[in-house]
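Biologist: Hi! Could you walk me through this one before I start on it?

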Amino acid sequence: MSRVAIIGATGSVGCFAAHPISEIPYVKEILLVGRPGRENLLEGITRDFKDSYAARGTDVALEWTTDLKDLAGSDVIVYTAGVARKSGEDRMDLAVKNAGIVAEAATTIGEIAPSAHLFMITNPVDVMTAVALKYSGMKQKQVFGLGTHLDSMRLKSLIAAYFKVHVSEVHTRIIGEHGASMVPLWSATTLGGIRICNLPTFSDLPVDRMIESVIQGGEMIIKYKGSTVYGPGEAIATLVRTVLGNENRILTVSTYLKSEVHNIGKGVCIGVPALVNRSGVTPIPITIEPDEVKAFQTSVEKIRMNTDLIFDRLEKEE
Ligand SMILES: NC(=O)c1ccc[n+]([C@@H]2O[C@H](COP(=O)([O-])OP(=O)(O)OC[C@H]3O[C@@H](n4cnc5c(N)ncnc54)[C@H](O)[C@@H]3O)[C@@H](O)[C@H]2O)c1
Ligand SMILES: O=C(O)C[C@H](O)C(=O)O
């Protein structure tokens, strides 16, 4: 039975994620991690959750801490600490601020919990995954980010609604940046197992409008309600369950690329389809259409440039 730690647990997404994570059958302990000075808030959140566990009949031990040393023995560490964007900002605007926070924490995590899986949520998530990987010194398989999994779920929801089918009938994937340069893989999108491009009605599908809606998905929610919570929270729990349950699912997460996608993106952390199980995350080799290759190349270069800028800056600060 496993222990999951959530860093940034006083924040919107970290706090909510503790709820679906507590429903995962393999989870026996949850540790909520917050900053010193937030003790009362952490105690209040913990008491409130414990009431919900009693009401639901959940047998999970829940504790809180402000000391990263308590991460020892964690199986999965979900990292949600850092600043969130406000409406009108780009996720990349958070890179400098959050990189410093992530680099410091990742260094400690690598020392305290070197065999855990480190699962990054903090934005810009692709760049933060690279920072966490470098500064934790952990293995590539162990450090991954939510990447374009949430974007893929947003597209899945739009396609299901358009065709009036259950979401489970839709398989789709967005790869690349969790941001404006994301790349929808229509070539890998199926409805009831049939390639969507082979459906007579595919030409009517408002693909551009759908992708724009996914790109703007986070922005619109932040504009209307302040932060995205339930979508990312459930998506986080899916990944935690897949790892702890050794479920061998193929999910689109941010991971360290070698040559898996047309030899593009070596050394960059970005969203690609990956096998997810108890050993961690392994990107799977794929072949995609020429226009998708071109768009993925553009997305990779954007993330590579921003990651290099952040690494330079962090090195200068050391
Ligand atoms: N990848 C995704 O799909 C996805 C989804 C949702 C949120 N996010 C990102 O997750 C992060 C958290 O989002 P949120 O809405 O919960 O934000 P929030 O402002 O509600 O919470 C931020 C959390 O980080 C902590 N924090 C802030 N500055 C810190 C610092 N200097 N050191 C340590 N901890 C610090 C806060 O105490 C709080 O617990 C943001 O970067 C956001 O963009 C990513
Ligand atoms: O959009 C954001 O800033 C939050 C998150 O990345 C999301 O897509 O919900």
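Predicted model: local features only at pLDDT ≥ 70, side-chain atom pairs only at ≥ 80, totals over all residues.

Biologist: Thanks! Which residues are around ligand 2?

Modeller: They are Arg85, Arg91, Asn123, Leu150, Arg154, His178, Gly218, Ile222 and Thr228. A residue is near a molecule if one of its heavy atoms lies within 4 Å of it.

Biologist: And how does that shell split by class?

Modeller: There are two nonpolar, four polar and three charged residues. Here Ala, Val, Leu, Ile, Met, Phe, Trp, Tyr, Cys and Pro count as nonpolar, Asp, Glu, Lys and Arg as charged, and the others, Gly among them, as polar.

Biologist: Which helices supply at least two residues of it each?

Modeller: Those are α5 (149–163) and α7 (217–225). Helices (H or I, at least four residues) and strands (E, at least two) are DSSP runs, numbered from the N terminus.

Biologist: What about polar side-chain atoms by the oxygen atoms of ligand 2?

Modeller: Arginine 154 has one 2.8 Å from a ligand 2 oxygen, asparagine 123 has one at 2.8 Å, and for arginine 91 the distance is 2.9 Å. Taken alone, ligand 2 exposes 260 Å², and the protein buries 91% of that. Those areas come from the Shrake-Rupley method with a 1.4 Å probe.

Biologist: Why does ligand 2 lie between the domains?

Modeller: Because domain 1 (2–145) and domain 2 (149–306) both give residues to its shell. The domain bounds come from an automatic or database domain assignment.

Biologist: OK, switching to ligand 1. Which residues come nearest?

Modeller: Thr10, Ser12, Gly82, Val83 and Asn123 come nearest, out of 25 residues around ligand 1. The shell divides into eleven nonpolar, twelve polar and two charged residues. Both α1 (12–22) and α3 (95–112) supply at least two residues of it, and it draws at least three residues from each of domain 1 and domain 2.

Biologist: What about distances to the oxygen atoms of ligand 1?

Modeller: A backbone N or O atom of valine 83 lies 2.7 Å from one. In the side chain of threonine 10, an N or O atom is 2.8 Å from a ligand 1 oxygen, and a polar side-chain atom of asparagine 123 is 2.9 Å from one. Taken alone, ligand 1 exposes 850 Å², of which the protein buries 83%.

Biologist: Asparagine 123 keeps coming up. What kind of peptide bond joins it to proline 124?

Modeller: A cis one, with omega about -5°. Proline 124 lies in the loop between β5 (117–120) and α4 (125–136).

Biologist: And lysine 164, what is its phi?

Modeller: Lysine 164 has a positive phi of about 55°, although it is not a glycine. You will find it in the loop between α5 and β7 (170–171).

Terms used
Residues numbered from 1 in each chain as written. Chains lettered and ligands numbered in written order. Heavy atoms only, no water. Polar contact = N/O pair within 3.5 Å; in protein donor to acceptor, adjacent residues only side chain to side chain.
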